[in-house]
Amino acid sequence: MSAFQWNHQSFMELSRNFWTLRAVQAAVELGLFTALDKGEGGKTTVGDLAKTLGADGRGLGMLVTALTALGLLVRDDQGVGLTPEAARYLSENSGEYYGHALIHQANIMPAWLGLAEAVKTGQRVTKASAAESGSDKTREDFLMAMYNNARYQAATVAKALDLGSRNSLLDLGGGPGTYAIEFCLQNPNLSAVIFDLPGSEPVAKKIMAKMGVADRVKFVAGDYNQDPLPKPFDAVFISQVIHQESPQGAAALVAKAAGVLEKGGFLAIQDLYVDNDLTGPVTPALFSLNMLVNTIGGQAYTFAQVEDLMKKAGLSDIGLASAKLPPGCAIMMGIKA
């Protein structure tokens, strides 16, 4: 049974959620939070902020009022300033900056506006996804959004995989390398290879250098659908990747990953999984629609579907890793006999 309680009020709130999201996204796009990041308690007048941002005073004033009402800004006679939460997550000066993820969501919003058409045709209505974009900025926002989302659970995943006895790992479709880097930080004997498209390499190398693992984490550029994978490895990790692929593509990817494993090595597939009875959970179910409008043939898969792919790839002892992950997210693992 759905946890939602649908009534007139809940539908009104649903219709207004879009307003809230766009207000925060617009502020991030304008650089508003970073411009206000003047240290603890620092304030700026709306007029001065408008000059800094090159914005219209009336329009900015309305946005500031909305952000204040949302609890992201504080306002008094001295002007406006950041709340601690806004400084932590929405200023580019912060190490926990989450703005890339918000901008990524803004970038894919046009695709979501075509959802009805995508449902009718079974095809995405956009020409390219954010990951395929020719824009360096759009691609960077996508990659850093993936990094933002993964960094908070990477340590938990590293413990769940028990990599202490492993020496080599392939982070397949690893993007900015969040997991490969964390795995190596927690396991001194481990080395890792990130395999992803060339556009991911500059971002991944920047993070590798920052985290001090450039000597143990290597980036190999390639397209896993077309190019051979490096090998062999004790472990292969695929996180939030197979949902981009059609059922045929997902089968080919899992088989290819299993093919570079040494005997006794494991394949771990972390993703948003739909329940086998197709009743939920909410996040994977909605995310599957995100794949409908943004990919060619992608979808969220059920546990049974992925288990079947792993069996057909020759893996055994298939099961779920024990890890406390966000709702709808899980890790399926299998061993190469």
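Reader: Is lysine 205 buried, partly exposed or exposed?
Author: In this predicted model, lysine 205 has a relative accessibility of 45%. A residue counts as buried under 20% and as exposed over 50%, so with its 45% lysine 205 belongs to the class in between, which is partly exposed.

Reader: In which helix do lysine 137 and aspartate 141 both lie?
Author: The side chains of lysine 137 and aspartate 141 meet in a salt bridge, with 2.6 Å from N to O. Aspartate 141 has a relative accessible area of 2%, so this residue is buried. Lysine 137 and aspartate 141 are four residues apart, about one turn of the helix, and the helix that holds both is H8 (residues 136-151).

Reader: What is the N to O distance in the salt bridge of arginine 88 and glutamate 96?
Author: Arginine 88, at 41% relative accessibility, counts as partly exposed, and glutamate 96, at 22%, counts as partly exposed as well. The count for the structure comes to seven salt bridges. In the one formed by the side chains of arginine 88 and glutamate 96, the N to O distance is 2.9 Å.

Reader: How many disulfides does a search of the whole structure find?
Author: A disulfide is a covalent bond between the sulfur atoms of two cysteines. Cysteine 184 counts as buried at 0% relative accessibility, and cysteine 329 counts as buried at 11%. For the whole structure, the number of disulfides that the search finds is zero.

Reader: How many residues has the largest nonpolar core?
Author: In soluble globular proteins, nonpolar side chains tend to be buried together. Among the residues with the most contacts inside the largest core are Val157, Leu161, Phe183 and Leu169, and Leu169 touches residues including Leu163, Phe183, Val193 and Phe237. A second, separate core of 28 residues includes Tyr224, Phe233, Val260 and Met332. The number of residues in the largest nonpolar core is 36.

Reader: Which elements give two or more residues to the nonpolar patch?
Author: The patch on the surface is formed by Phe4, Trp6, Phe11, Leu14, Val282 and Leu286, with about 610 Å² of accessible area together. Leucine 286 counts as partly exposed at 47% relative accessibility, and its place is in helix H13. The elements that give two or more residues to this patch are helix H1 (8-30) and helix H13 (282-294).

Reader: How far apart in space are threonine 178 and alanine 150, C-alpha to C-alpha?
Author: Threonine 178 is found in helix H10 (residues 178-186) and has a relative accessible area of 8%, so this residue is buried. Leaving aside neighbours within four places in sequence, threonine 178 is in contact with Tyr147, Ala150, Arg151 and Ala154. Threonine 178 and alanine 150 are 28 residues apart in sequence, while their C-alpha to C-alpha distance in space is 6.5 Å.

Note on methods. Residues are numbered from 1 along each chain as its sequence is written. This is a predicted model: local features need pLDDT of at least 70, side-chain atom pairs count only at pLDDT 80 or more; totals for chains, interfaces and linings use all residues. Side-chain values use heavy atoms; hydrogens and water are left out. A nonpolar core is a set of buried Ala, Val, Leu, Ile, Met, Phe, Trp, Tyr and Cys residues joined through side-chain atoms within 4.5 Å. Buried means under 20% relative accessible area, exposed over 50%, partly exposed in between (1.4 Å probe, protein chains only). Contact means heavy atoms within 4.5 Å. A disulfide is a pair of cysteine sulfur atoms within 2.5 Å. Patches are made of residues with over 30% relative accessible area and no salt bridge: like charges are joined within 9 Å, nonpolar side chains (Val, Leu, Ile, Met, Phe, Trp, Tyr) within 5 Å. Accessible areas come from the Shrake-Rupley method with a 1.4 Å probe; for residues, only the protein chains shown count as cover. A salt bridge is a side-chain nitrogen of Lys or Arg within 4 Å of a carboxyl oxygen of Asp or Glu.
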